[in-house]
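Visitor: I am new to this structure and would like to learn how to read it. Could you walk me through a few features?
Guide: Gladly; let us look together.

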Amino acid sequence: MNLSVVIPNYNGEKIIGKNLPKVLASVKDYSSGSVEIIISDDCSSDSSLDIIQEFIESNKKSSVKIKLFTSLKNKNEGFSSNVNRGVRAATGEVLILLNTDVIPSKNFLKPLLKHFENPEVFAVGCMDESLENGKLILRGRGVGKWEKGFMIHSAGDLEKKDTLWVSGGSGAFRKSIWDKLGGLDTLYNPFYWEDIDLSYRAKKSGYLTLFEKESVVRHEHDEGVIKEKYKPDNVKKVVYRNQFIFAWKNSDFGNLIKNILWFPFHFITSLIGGDYLLLAGFFKALILLPKIIRSRIISHKQFILTDRQVIQSLE
């Protein structure tokens, strides 16, 4: 089984230099096929490209081929576009997606890849040792429910195997199914909800998304670039927008109607609570409505399960 490790980079100069050697060390002994590392850059303006080029040059003799792909556009597009760019260049049967702030453990591949013996498996997520505000929190398995027209997701029991989504920052994905589903939806640019969307589409299309607690990665969230580039209010607006996009795009008709009928309640509640960003997120999603409708039509042609069936499979 050939592997493609895809690492999306944007202004990662503070972390990519120290993490790339650790990624290489974790995959160089893989013996069941070829391995390539693909770094996809989204118009970085810092020195990270120089760091990457130096790393590639110093590892020319490695059995693991390391390649850099840059955007042809002159602007930062966002996470979905950047990952999709890297995946288009990938030749492996299984994609290993790792953010620049993720450090895989030395033996993380074996428990992750064993699940792909089942052809119905689309993706497998890692045990995420998440470093957040100086604290180490274990994450990796997600569950969710439809409530008042929205998908509400949360952390799940780490002893169970099925998961609602596999993180786009630390997970393995079968490329043939990725291509069939169309990859990450760029409607979610610049960030957040794109991996939940892809996993949910896979589940509604009848594929499996799993969690493997023995495959461990360290996720240094405090080192990520989002906090540096975006103010908290702007991040929250994007999150609200993407929640609307997800609901309008992926829900069954019944949950779509609930989203519309419950909107006045959500709006009034947010105003009473002094949160004016929900309305901003709603209008940002509304602007994208024609694209959301087109994406919904394409996605729903592949769906064979209902929202209820997907949620019940996690119970």
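Guide: Let us begin with surface patches: a patch is made of residues with over 30% relative accessible area and no salt bridge, where like charges are joined within 9 Å and nonpolar side chains (Val, Leu, Ile, Met, Phe, Trp, Tyr) within 5 Å. Accessible areas come from the Shrake-Rupley method with a 1.4 Å probe, and for residues only the protein chains shown count as cover. A salt bridge is a side-chain nitrogen of Lys or Arg within 4 Å of a carboxyl oxygen of Asp or Glu. This is a predicted model, in which local features need pLDDT of at least 70 and side-chain atom pairs count only at pLDDT 80 or more, while totals for chains, interfaces and linings use all residues. Residues are numbered from 1 along each chain as its sequence is written, and side-chain values use heavy atoms, with hydrogens and water left out.

Visitor: Which residues form the nonpolar patch on the surface?
Guide: The patch consists of F283, L286, L289, I293 and I297, and together they have about 420 Å² of accessible area.

Visitor: Which helices each supply at least two residues of the patch?
Guide: Helices (H or I, at least four residues) and strands (E, at least two) are DSSP runs, numbered from the N terminus. Here the helices are α10 (277–287) and α11 (289–300), and α11 gives the largest share, three residues.

Visitor: How many residues of strand β6 are buried?
Guide: Buried means under 20% relative accessible area, exposed over 50%, and partly exposed in between (1.4 Å probe, protein chains only). In β6 (residues 121–132), 10 of the 12 residues are buried, so the strand is mostly covered.

Visitor: Which strand pairs with β6 in the parallel sense?
Guide: Two strands pair if DSSP finds at least two bridges between them. The parallel partner is β11 (residues 208–220), over 10 bridges, and S130 stands opposite H219 there. Two other strands run antiparallel to β6: β10 (residues 170–174), joined by three bridges, and β7 (residues 135–139), joined by five. V124 faces A172 in β10, whereas E132 faces K135 in β7.

Visitor: What should I look for in backbone angles?
Guide: Most residues other than glycine have a negative phi, and most peptide bonds are trans. In the hairpin of β6 and β7, with two residues between the strands, N133 takes a positive phi near 55°. N11 has a positive phi of about 50° without being a glycine; N11 is found in the loop between β1 (3–9) and α1 (16–27).

Visitor: Where is P190?
Guide: P190 is in the loop between α5 (175–181) and α6 (194–204). A cis peptide bond joins N189 and P190, with omega about 10°. Y192 is in the loop between α5 and α6 too, and its phi is near 75°, a positive value. Y192 is partly exposed, with a relative accessible area of 35%.

Visitor: Is K204 buried or exposed?
Guide: K204, found in helix α6, is buried, with a relative accessible area of 0%. Contact means heavy atoms within 4.5 Å. Leaving out residues up to four places away in sequence, K204 touches several residues, including N250, S251, F303 and V310. The C-alpha atoms of K204 and S251 are separated by 10.0 Å, and these residues lie 47 apart along the chain.

Visitor: With which side chain does the side chain of K204 make a polar contact?
Guide: A polar contact is a pair of N or O atoms within 3.5 Å; within protein, one must be able to donate a hydrogen and the other to accept it, and residues adjacent in sequence count only if both atoms are side-chain atoms. The partner of K204 is the side chain of D252, at 2.6 Å.
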